[in-house]
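Dear colleague,

I am handing over the structure below, together with some notes on what was found in it. Please read the notes with the model open beside them.

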Amino acid sequence: MKSSDLVITGVGMVSSIGVGRQSFTESLLGGVSGVKRLDGETSEENEHVTRRYRTVDGEAVLDEETAVVASLVDFDGKDFVKPRKALKVMCREIQTAYAASQLAVQDAGLQPYLPAIPADESLGQPSRVGGKGVRPCYTDGGRIQSDRIGTVFGSEMLYGTPEELSDAFHDCLGEDDNFYPSQFGNAAMKRITPLWLLKYLPNMPACHFSIVLNAHGPNNSITVGDTSGQAALIEACGYLKRGIADFMVVSASGSRLNATRALFTEDQPLAKVVEPVSLSSRPHAMDADGLVRGEGAGGVIIERAEMAKARGVKPIGKVTGYASRFLPSHAFANNNQNADLRPDAGRGNPVAIVSAMRGAMKEAGVTADQLGAIVGHACGDPVLDACERQAINEVAPETPVILPSSLLGHTGAASGMMGLLAACVTLQSGKISPVPHAEGCVDASGKMQPLNVSSSVRPLEKRVVLAIAHTSPGNATAVVIED
(Lines give C-alpha, C1' and ligand atoms only; values in the text may rest on other atoms or scores of the structure.)
Protein backbone atom coordinates (compact mmCIF):
# COMPACT_ATOMS: atom_id res chain seq x y z
CA MET A 1 0.00 0.00 0.00
CA LYS A 2 1.26 3.48 -0.87
CA SER A 3 1.32 6.23 1.75
CA SER A 4 -0.99 8.25 -0.52
CA ASP A 5 -3.66 5.62 0.11
CA LEU A 6 -3.92 6.89 3.69
CA VAL A 7 -6.22 9.85 4.23
CA ILE A 8 -7.27 12.12 7.09
CA THR A 9 -11.05 12.41 7.17
CA GLY A 10 -11.74 14.11 10.49
CA VAL A 11 -10.08 16.42 13.01
CA GLY A 12 -10.87 17.40 16.59
CA MET A 13 -9.40 20.25 18.62
CA VAL A 14 -9.53 21.16 22.30
CA SER A 15 -7.37 24.23 22.74
CA SER A 16 -7.02 27.66 24.27
CA ILE A 17 -8.09 29.21 20.95
CA GLY A 18 -11.17 27.10 20.50
CA VAL A 19 -12.88 23.75 20.93
CA GLY A 20 -13.82 22.14 17.63
CA ARG A 21 -12.65 22.66 14.07
CA GLN A 22 -14.58 25.84 13.29
CA SER A 23 -13.49 27.90 16.28
CA PHE A 24 -9.92 26.60 16.07
CA THR A 25 -9.72 27.46 12.37
CA GLU A 26 -11.17 30.94 12.82
CA SER A 27 -8.74 31.74 15.64
CA LEU A 28 -5.72 30.29 13.85
CA LEU A 29 -6.38 32.20 10.64
CA GLY A 30 -7.38 35.31 12.58
CA GLY A 31 -4.24 35.29 14.72
CA VAL A 32 -6.37 35.17 17.90
CA SER A 33 -4.15 34.22 20.83
CA GLY A 34 -5.10 32.01 23.76
CA VAL A 35 -2.36 33.51 25.93
CA LYS A 36 -3.60 35.47 28.94
CA ARG A 37 -2.37 36.86 32.22
CA LEU A 38 -2.96 35.13 35.54
CA ASP A 39 -3.96 37.09 38.59
CA GLY A 40 -3.31 36.15 42.19
CA GLU A 41 -6.76 34.69 42.67
CA THR A 42 -7.69 31.15 41.67
CA SER A 43 -10.80 31.29 39.54
CA GLU A 44 -12.86 28.14 38.91
CA GLU A 45 -11.74 28.25 35.28
CA ASN A 46 -8.05 28.20 36.23
CA GLU A 47 -8.08 26.26 39.48
CA HIS A 48 -5.86 23.61 37.87
CA VAL A 49 -3.20 26.13 36.82
CA THR A 50 0.03 26.32 38.79
CA ARG A 51 0.82 29.82 39.99
CA ARG A 52 4.43 30.80 40.55
CA TYR A 53 5.41 32.85 43.57
CA ARG A 54 8.59 34.34 44.94
CA THR A 55 9.43 35.59 48.40
CA VAL A 56 9.48 39.35 48.89
CA ASP A 57 10.11 40.68 52.40
CA GLY A 58 9.19 37.31 53.83
CA GLU A 59 5.89 37.04 51.94
CA ALA A 60 4.90 35.01 48.88
CA VAL A 61 4.17 37.27 45.90
CA LEU A 62 2.90 36.15 42.50
CA ASP A 63 5.76 36.11 40.00
CA GLU A 64 4.43 38.63 37.51
CA GLU A 65 7.30 37.99 35.10
CA THR A 66 5.98 34.54 34.18
CA ALA A 67 2.29 34.98 35.06
CA VAL A 68 0.97 34.08 31.61
CA VAL A 69 -0.67 30.84 30.46
CA ALA A 70 -2.64 29.47 27.52
CA SER A 71 -5.30 27.52 29.39
CA LEU A 72 -8.57 26.17 28.01
CA VAL A 73 -11.67 28.33 28.00
CA ASP A 74 -15.22 26.97 28.34
CA PHE A 75 -14.13 23.33 28.51
CA ASP A 76 -16.07 20.90 30.69
CA GLY A 77 -15.42 17.18 30.48
CA LYS A 78 -19.08 16.52 31.32
CA ASP A 79 -20.02 17.79 27.87
CA PHE A 80 -18.12 14.93 26.23
CA VAL A 81 -17.53 12.00 28.57
CA LYS A 82 -20.26 9.39 28.69
CA PRO A 83 -21.04 7.81 31.07
CA ARG A 84 -20.21 10.68 33.39
CA LYS A 85 -19.20 8.36 36.19
CA ALA A 86 -16.06 7.67 34.16
CA LEU A 87 -14.88 11.21 34.99
CA LYS A 88 -13.81 10.08 38.46
CA VAL A 89 -10.99 8.09 36.89
CA MET A 90 -10.01 10.73 34.33
CA CYS A 91 -7.50 13.47 34.97
CA ARG A 92 -7.79 16.63 32.86
CA GLU A 93 -5.50 15.36 30.09
CA ILE A 94 -7.56 12.18 29.71
CA GLN A 95 -10.74 14.24 29.48
CA THR A 96 -9.32 16.54 26.79
CA ALA A 97 -7.99 13.57 24.78
CA TYR A 98 -11.40 11.94 24.97
CA ALA A 99 -13.11 15.15 23.83
CA ALA A 100 -10.73 15.77 20.92
CA SER A 101 -11.14 12.19 19.74
CA GLN A 102 -14.91 12.39 19.92
CA LEU A 103 -14.88 15.60 17.90
CA ALA A 104 -12.66 13.95 15.29
CA VAL A 105 -15.03 10.99 14.98
CA GLN A 106 -17.94 13.37 14.47
CA ASP A 107 -15.98 15.43 11.95
CA ALA A 108 -15.20 12.28 9.95
CA GLY A 109 -18.88 11.25 9.89
CA LEU A 110 -18.20 7.91 11.56
CA GLN A 111 -21.01 8.09 14.13
CA PRO A 112 -23.46 5.94 12.08
CA TYR A 113 -20.93 3.10 12.01
CA LEU A 114 -20.02 3.15 15.71
CA PRO A 115 -19.74 1.64 18.21
CA ALA A 116 -18.06 -1.16 16.35
CA ILE A 117 -19.38 -4.70 16.63
CA PRO A 118 -17.85 -8.13 16.07
CA ALA A 119 -17.87 -9.41 12.49
CA ASP A 120 -20.47 -12.10 13.14
CA GLU A 121 -22.91 -9.47 14.45
CA SER A 122 -22.42 -6.95 11.63
CA LEU A 123 -25.51 -5.58 9.96
CA GLY A 124 -26.13 -5.16 6.24
CA GLN A 125 -23.95 -6.50 3.47
CA PRO A 126 -20.16 -6.32 3.50
CA SER A 127 -18.71 -3.52 1.45
CA ARG A 128 -16.35 -4.39 -1.37
CA VAL A 129 -13.52 -2.28 -0.10
CA GLY A 130 -11.39 -4.84 1.65
CA GLY A 131 -7.97 -5.39 0.12
CA LYS A 132 -6.43 -8.72 -0.71
CA GLY A 133 -6.13 -10.83 2.38
CA VAL A 134 -8.11 -8.31 4.44
CA ARG A 135 -11.56 -9.04 5.75
CA PRO A 136 -14.10 -6.48 4.54
CA CYS A 137 -15.21 -3.69 6.84
CA TYR A 138 -18.98 -3.48 7.14
CA THR A 139 -19.94 0.08 6.34
CA ASP A 140 -22.89 -0.30 3.93
CA GLY A 141 -25.75 0.44 6.30
CA GLY A 142 -24.04 -1.43 9.13
CA ARG A 143 -21.24 -1.03 11.62
CA ILE A 144 -17.48 -1.12 11.52
CA GLN A 145 -16.02 -4.45 12.55
CA SER A 146 -14.47 -4.22 16.00
CA ASP A 147 -11.15 -5.65 14.88
CA ARG A 148 -10.84 -3.20 11.97
CA ILE A 149 -10.66 0.00 14.03
CA GLY A 150 -7.96 0.94 16.51
CA THR A 151 -6.56 3.77 18.63
CA VAL A 152 -3.06 5.20 18.99
CA PHE A 153 -2.60 8.11 21.37
CA GLY A 154 0.33 10.36 22.10
CA SER A 155 0.72 10.81 25.83
CA GLU A 156 3.17 11.71 28.59
CA MET A 157 3.60 11.28 32.31
CA LEU A 158 0.37 12.48 33.90
CA TYR A 159 0.57 14.08 37.32
CA GLY A 160 -1.97 14.60 40.05
CA THR A 161 -2.18 17.54 42.39
CA PRO A 162 -0.01 17.58 45.53
CA GLU A 163 -3.20 17.79 47.62
CA GLU A 164 -4.22 14.27 46.58
CA LEU A 165 -1.21 12.83 48.40
CA SER A 166 -0.92 15.31 51.27
CA ASP A 167 -2.84 13.23 53.83
CA ALA A 168 -0.70 10.17 53.12
CA PHE A 169 2.49 12.19 53.46
CA HIS A 170 1.23 13.75 56.68
CA ASP A 171 0.75 10.30 58.18
CA CYS A 172 4.44 9.60 57.55
CA LEU A 173 5.52 12.29 59.98
CA GLY A 174 6.81 10.98 63.25
CA GLU A 175 6.39 12.52 66.69
CA ASP A 176 9.78 14.14 66.11
CA ASP A 177 8.37 15.83 62.97
CA ASN A 178 10.73 13.87 60.74
CA PHE A 179 9.43 12.24 57.56
CA TYR A 180 9.68 8.44 57.44
CA PRO A 181 9.40 7.10 53.85
CA SER A 182 9.00 3.52 55.07
CA GLN A 183 5.56 4.46 56.39
CA PHE A 184 4.25 5.68 53.06
CA GLY A 185 3.01 2.31 51.82
CA ASN A 186 0.65 1.82 54.74
CA ALA A 187 -0.39 5.48 54.73
CA ALA A 188 -1.18 5.38 51.02
CA MET A 189 -3.38 2.31 51.41
CA LYS A 190 -5.49 4.21 53.93
CA ARG A 191 -5.44 7.73 52.56
CA ILE A 192 -5.40 7.44 48.76
CA THR A 193 -8.41 6.21 46.80
CA PRO A 194 -7.81 2.80 45.18
CA LEU A 195 -8.73 4.28 41.80
CA TRP A 196 -6.13 7.06 42.07
CA LEU A 197 -3.58 5.44 39.76
CA LEU A 198 -6.15 4.93 36.98
CA LYS A 199 -6.50 8.72 36.71
CA TYR A 200 -2.88 9.19 35.72
CA LEU A 201 -1.65 6.22 33.69
CA PRO A 202 -0.33 7.48 30.30
CA ASN A 203 -2.12 4.69 28.42
CA MET A 204 -5.55 5.46 29.84
CA PRO A 205 -6.62 8.03 27.19
CA ALA A 206 -6.37 5.38 24.46
CA CYS A 207 -7.91 2.80 26.77
CA HIS A 208 -11.01 4.87 27.57
CA PHE A 209 -11.73 5.81 23.99
CA SER A 210 -11.18 2.33 22.57
CA ILE A 211 -13.74 1.05 25.10
CA VAL A 212 -16.26 3.67 23.92
CA LEU A 213 -15.69 2.66 20.29
CA ASN A 214 -15.62 -1.05 21.14
CA ALA A 215 -12.42 -1.02 19.11
CA HIS A 216 -10.56 -4.33 19.22
CA GLY A 217 -7.95 -3.36 16.64
CA PRO A 218 -4.45 -2.03 17.35
CA ASN A 219 -4.20 -0.06 20.59
CA ASN A 220 -1.07 1.79 21.62
CA SER A 221 0.22 4.80 23.55
CA ILE A 222 3.33 6.71 22.51
CA THR A 223 5.25 8.78 25.07
CA VAL A 224 8.11 10.63 23.37
CA GLY A 225 7.57 14.17 24.58
CA ASP A 226 6.51 16.87 22.13
CA THR A 227 6.75 14.44 19.20
CA SER A 228 4.23 12.01 20.74
CA GLY A 229 1.26 13.08 18.58
CA GLN A 230 3.08 12.84 15.26
CA ALA A 231 4.78 9.62 16.34
CA ALA A 232 1.33 8.19 17.10
CA LEU A 233 0.18 9.12 13.59
CA ILE A 234 3.23 7.40 12.11
CA GLU A 235 2.46 4.29 14.16
CA ALA A 236 -1.16 4.33 12.98
CA CYS A 237 -0.09 4.64 9.35
CA GLY A 238 1.99 1.50 9.84
CA TYR A 239 -1.04 -0.45 11.01
CA LEU A 240 -3.09 0.67 8.02
CA LYS A 241 -0.33 -0.08 5.53
CA ARG A 242 0.10 -3.57 7.00
CA GLY A 243 -3.62 -4.23 6.57
CA ILE A 244 -4.39 -4.95 10.22
CA ALA A 245 -6.87 -2.05 10.48
CA ASP A 246 -9.02 0.11 8.20
CA PHE A 247 -9.71 3.03 10.56
CA MET A 248 -7.47 4.55 13.24
CA VAL A 249 -8.24 7.22 15.82
CA VAL A 250 -5.04 9.14 16.55
CA SER A 251 -4.98 11.63 19.37
CA ALA A 252 -2.61 13.40 21.76
CA SER A 253 -3.07 15.48 24.89
CA GLY A 254 -0.73 17.37 27.15
CA SER A 255 -0.32 20.13 29.67
CA ARG A 256 2.35 22.36 31.17
CA LEU A 257 0.04 23.76 33.85
CA ASN A 258 0.23 21.05 36.52
CA ALA A 259 2.04 21.87 39.75
CA THR A 260 3.63 18.45 40.27
CA ARG A 261 4.95 18.34 36.73
CA ALA A 262 6.43 21.80 37.09
CA LEU A 263 8.42 20.65 40.12
CA PHE A 264 10.10 17.74 38.38
CA THR A 265 10.34 18.15 34.63
CA GLU A 266 10.91 21.75 33.62
CA ASP A 267 13.93 21.83 31.34
CA GLN A 268 13.00 24.88 29.28
CA PRO A 269 12.84 28.56 30.28
CA LEU A 270 9.54 30.36 30.78
CA ALA A 271 8.58 33.47 28.86
CA LYS A 272 8.30 36.81 30.58
CA VAL A 273 5.19 38.90 30.11
CA VAL A 274 5.23 41.42 27.27
CA GLU A 275 2.64 43.97 26.21
CA PRO A 276 0.23 43.15 24.78
CA VAL A 277 0.09 39.97 26.85
CA SER A 278 -1.26 38.01 23.87
CA LEU A 279 2.18 38.33 22.23
CA SER A 280 4.09 36.76 25.14
CA SER A 281 4.51 33.47 23.24
CA ARG A 282 7.15 34.52 20.68
CA PRO A 283 8.77 31.56 18.88
CA HIS A 284 11.68 32.64 16.68
CA ALA A 285 11.50 36.24 17.88
CA MET A 286 14.81 38.00 18.41
CA ASP A 287 13.87 38.65 22.04
CA ALA A 288 12.28 35.24 22.74
CA ASP A 289 13.19 34.17 26.26
CA GLY A 290 11.04 31.13 26.95
CA LEU A 291 7.78 29.29 26.45
CA VAL A 292 4.28 30.05 27.65
CA ARG A 293 2.72 27.16 29.56
CA GLY A 294 -0.36 25.78 27.80
CA GLU A 295 -2.66 22.77 27.58
CA GLY A 296 -4.74 21.07 24.95
CA ALA A 297 -5.55 17.98 22.92
CA GLY A 298 -6.04 17.12 19.29
CA GLY A 299 -7.24 14.14 17.32
CA VAL A 300 -7.49 12.93 13.74
CA ILE A 301 -9.20 10.07 11.97
CA ILE A 302 -6.98 8.36 9.43
CA GLU A 303 -8.25 5.59 7.21
CA ARG A 304 -7.64 3.78 3.97
CA ALA A 305 -8.66 5.92 1.01
CA GLU A 306 -10.97 3.22 -0.32
CA MET A 307 -12.91 3.27 2.94
CA ALA A 308 -13.47 7.02 2.72
CA LYS A 309 -14.56 6.62 -0.91
CA ALA A 310 -17.02 3.88 0.04
CA ARG A 311 -18.58 6.23 2.62
CA GLY A 312 -18.71 9.11 0.14
CA VAL A 313 -16.41 11.25 2.28
CA LYS A 314 -13.98 13.77 0.85
CA PRO A 315 -10.65 13.56 2.71
CA ILE A 316 -9.07 16.60 4.33
CA GLY A 317 -5.77 15.43 2.91
CA LYS A 318 -3.51 12.50 2.13
CA VAL A 319 -0.63 11.49 4.37
CA THR A 320 2.06 11.00 1.75
CA GLY A 321 5.24 10.93 3.80
CA TYR A 322 6.51 10.77 7.35
CA ALA A 323 9.71 10.15 9.28
CA SER A 324 10.90 9.85 12.86
CA ARG A 325 14.50 10.38 13.91
CA PHE A 326 16.53 10.54 17.10
CA LEU A 327 20.00 11.97 17.45
CA PRO A 328 20.85 12.84 21.06
CA SER A 329 21.31 16.47 21.91
CA HIS A 330 24.49 17.54 23.66
CA ALA A 331 22.61 18.17 26.91
CA PHE A 332 20.89 14.78 26.79
CA ALA A 333 24.07 12.88 25.90
CA ASN A 334 25.88 14.49 28.81
CA ASN A 335 23.01 14.15 31.30
CA ASN A 336 22.87 17.93 31.58
CA GLN A 337 19.17 18.80 31.59
CA ASN A 338 18.90 22.56 31.92
CA ALA A 339 16.79 25.62 31.20
CA ASP A 340 19.69 27.98 30.47
CA LEU A 341 19.29 30.75 27.92
CA ARG A 342 22.91 30.66 26.78
CA PRO A 343 23.25 29.63 23.10
CA ASP A 344 25.42 26.60 23.95
CA ALA A 345 22.93 25.15 26.48
CA GLY A 346 22.77 22.05 24.26
CA ARG A 347 19.04 21.42 24.00
CA GLY A 348 17.75 19.96 20.73
CA ASN A 349 19.57 18.69 17.66
CA PRO A 350 19.16 20.40 14.26
CA VAL A 351 20.63 17.37 12.49
CA ALA A 352 17.74 15.21 13.74
CA ILE A 353 15.20 17.79 12.52
CA VAL A 354 16.85 17.99 9.09
CA SER A 355 16.92 14.20 8.82
CA ALA A 356 13.22 13.90 9.71
CA MET A 357 12.21 16.63 7.25
CA ARG A 358 14.19 15.13 4.40
CA GLY A 359 13.01 11.62 5.24
CA ALA A 360 9.35 12.60 5.10
CA MET A 361 9.82 14.61 1.90
CA LYS A 362 11.67 11.74 0.23
CA GLU A 363 8.90 9.28 1.05
CA ALA A 364 6.30 11.77 -0.23
CA GLY A 365 8.33 12.36 -3.38
CA VAL A 366 8.37 16.14 -2.95
CA THR A 367 11.18 18.67 -3.06
CA ALA A 368 11.61 21.95 -1.21
CA ASP A 369 10.24 24.00 -4.10
CA GLN A 370 7.01 21.97 -4.00
CA LEU A 371 6.23 22.78 -0.36
CA GLY A 372 3.45 25.31 0.20
CA ALA A 373 4.06 25.73 3.93
CA ILE A 374 5.98 24.37 6.88
CA VAL A 375 4.30 24.15 10.29
CA GLY A 376 7.05 24.83 12.80
CA HIS A 377 7.16 23.50 16.32
CA ALA A 378 9.19 26.23 18.03
CA CYS A 379 7.68 27.47 21.29
CA GLY A 380 9.90 30.41 22.27
CA ASP A 381 12.84 28.59 23.86
CA PRO A 382 15.66 30.44 22.05
CA VAL A 383 17.94 27.39 22.12
CA LEU A 384 15.43 25.00 20.53
CA ASP A 385 14.15 27.74 18.24
CA ALA A 386 17.66 28.12 16.86
CA CYS A 387 17.81 24.39 16.10
CA GLU A 388 14.55 24.58 14.16
CA ARG A 389 15.58 27.73 12.34
CA GLN A 390 18.84 26.13 11.26
CA ALA A 391 17.00 23.03 10.01
CA ILE A 392 14.34 24.93 8.04
CA ASN A 393 16.91 27.22 6.45
CA GLU A 394 18.96 24.19 5.43
CA VAL A 395 16.05 22.24 3.93
CA ALA A 396 13.55 24.80 2.61
CA PRO A 397 14.54 28.40 3.40
CA GLU A 398 12.02 30.05 1.07
CA THR A 399 8.94 28.16 2.28
CA PRO A 400 6.32 30.09 4.31
CA VAL A 401 6.36 29.08 7.99
CA ILE A 402 3.41 28.75 10.37
CA LEU A 403 3.96 28.91 14.16
CA PRO A 404 0.81 27.72 16.01
CA SER A 405 2.52 27.86 19.42
CA SER A 406 2.52 31.65 19.14
CA LEU A 407 -1.21 31.37 19.87
CA LEU A 408 -1.38 28.09 21.82
CA GLY A 409 1.71 28.20 24.00
CA HIS A 410 3.48 24.94 24.76
CA THR A 411 0.95 22.11 25.04
CA GLY A 412 3.31 19.31 26.02
CA ALA A 413 2.68 15.97 24.34
CA ALA A 414 -0.14 17.58 22.34
CA SER A 415 2.15 20.12 20.66
CA GLY A 416 3.18 17.93 17.72
CA MET A 417 -0.46 17.03 17.09
CA MET A 418 -1.45 20.69 17.24
CA GLY A 419 1.06 21.34 14.49
CA LEU A 420 -0.47 18.56 12.41
CA LEU A 421 -3.95 20.01 12.95
CA ALA A 422 -2.67 23.41 11.86
CA ALA A 423 -1.38 21.72 8.69
CA CYS A 424 -4.84 20.23 8.08
CA VAL A 425 -6.47 23.65 8.52
CA THR A 426 -3.94 25.17 6.14
CA LEU A 427 -4.61 22.58 3.47
CA GLN A 428 -8.36 22.68 3.87
CA SER A 429 -8.70 26.45 3.95
CA GLY A 430 -6.03 27.16 1.35
CA LYS A 431 -4.69 29.88 3.65
CA ILE A 432 -1.42 30.29 5.55
CA SER A 433 -2.16 31.56 9.05
CA PRO A 434 -0.34 34.66 10.32
CA VAL A 435 2.42 34.90 12.92
CA PRO A 436 1.31 37.91 15.02
CA HIS A 437 4.85 38.80 16.14
CA ALA A 438 6.41 38.30 12.69
CA GLU A 439 8.06 41.73 12.79
CA GLY A 440 9.95 40.63 15.89
CA CYS A 441 11.50 37.69 14.01
CA VAL A 442 13.62 39.97 11.80
CA ASP A 443 17.27 40.33 12.76
CA ALA A 444 18.40 43.83 11.79
CA SER A 445 22.04 42.88 12.34
CA GLY A 446 21.86 40.11 9.75
CA LYS A 447 23.47 37.58 12.09
CA MET A 448 20.38 35.38 12.17
CA GLN A 449 18.88 34.18 8.91
CA PRO A 450 15.15 34.96 9.14
CA LEU A 451 12.31 32.60 8.37
CA ASN A 452 9.56 33.29 5.85
CA VAL A 453 6.89 34.44 8.32
CA SER A 454 4.22 37.10 7.93
CA SER A 455 1.78 38.89 10.23
CA SER A 456 -0.86 38.66 7.48
CA VAL A 457 -2.84 35.73 6.06
CA ARG A 458 -1.35 34.47 2.80
CA PRO A 459 -2.73 32.10 0.15
CA LEU A 460 -1.41 28.55 0.09
CA GLU A 461 0.00 28.50 -3.42
CA LYS A 462 1.23 24.89 -3.35
CA ARG A 463 -1.00 22.23 -1.85
CA VAL A 464 1.68 20.41 0.12
CA VAL A 465 2.26 21.07 3.84
CA LEU A 466 5.06 19.74 6.05
CA ALA A 467 4.53 19.63 9.84
CA ILE A 468 7.51 19.11 12.13
CA ALA A 469 8.01 18.46 15.84
CA HIS A 470 11.11 18.01 17.98
CA THR A 471 12.28 17.72 21.57
CA SER A 472 15.05 18.86 23.86
CA PRO A 473 16.66 15.35 24.02
CA GLY A 474 16.87 15.10 20.20
CA ASN A 475 13.67 13.44 18.93
CA ALA A 476 12.29 14.80 15.66
CA THR A 477 9.30 13.90 13.50
CA ALA A 478 7.95 15.23 10.21
CA VAL A 479 4.70 14.54 8.35
CA VAL A 480 3.74 15.57 4.79
CA ILE A 481 0.06 15.99 3.90
CA GLU A 482 -1.32 17.10 0.56
CA ASP A 483 -4.46 17.08 -1.59
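In which strand is the place of I374? In this model, which is predicted, I374 belongs to strand β12, spanning residues 373-375. The residue is buried, its relative accessible area being 0%, and, if neighbours within four places in sequence are set aside, I374 is in contact with M357, I392, A396, T399, P400, V401, I402 and L466. Between I374 and G419 there are 9.6 Å from C-alpha to C-alpha, although the two are 45 residues apart in sequence.

Turning to the helices, α10 (residues 350-364) and α11 (residues 382-395) have axes that come within 8 Å and cross at roughly 40 degrees, and the two helices are therefore oblique to each other. The crossing in which α10 passes α11 is right-handed. On the α10 side the contact is made by P350, I353, V354, M357, R358 and M361, and on the α11 side by C387, E388, Q390, A391, I392, E394 and V395; sorted by class, these comprise nine nonpolar, one polar and three charged residues. M357 and I392, which take part in this contact, are also among the residues that I374 touches.

Finally, helix α13 (residues 415-429) has 15 residues and reaches 21 Å from its first C-alpha to its last, close to the 21 Å expected at 1.5 Å a residue. This helix is mostly covered, with 13 of its 15 residues buried, and after α13 comes G430, which has a positive phi near 70 degrees.

With best regards

Terms used:
Residues are numbered from 1 along each chain as its sequence is written. This is a predicted model: local features need pLDDT of at least 70, side-chain atom pairs count only at pLDDT 80 or more; totals for chains, interfaces and linings use all residues. Side-chain values use heavy atoms; hydrogens and water are left out. Axes are lines fitted to C-alpha atoms, for helices over the stretch in contact, and angles run from 0 to 180 degrees between N-to-C directions. Helices (H or I, at least four residues) and strands (E, at least two) are DSSP runs, numbered from the N terminus. Angles under 35 degrees count as roughly parallel, over 145 as roughly antiparallel, 65 to 115 as roughly perpendicular and the rest as oblique. A crossing is left-handed if the near helix is turned anticlockwise from the far one by less than a right angle, and right-handed if clockwise. Contact means heavy atoms within 4.5 Å. Ala, Val, Leu, Ile, Met, Phe, Trp, Tyr, Cys and Pro count as nonpolar, Asp, Glu, Lys and Arg as charged, and the others, Gly among them, as polar. The expected span of a helix is 1.5 Å times one less than its number of residues. Buried means under 20% relative accessible area, exposed over 50%, partly exposed in between (1.4 Å probe, protein chains only).
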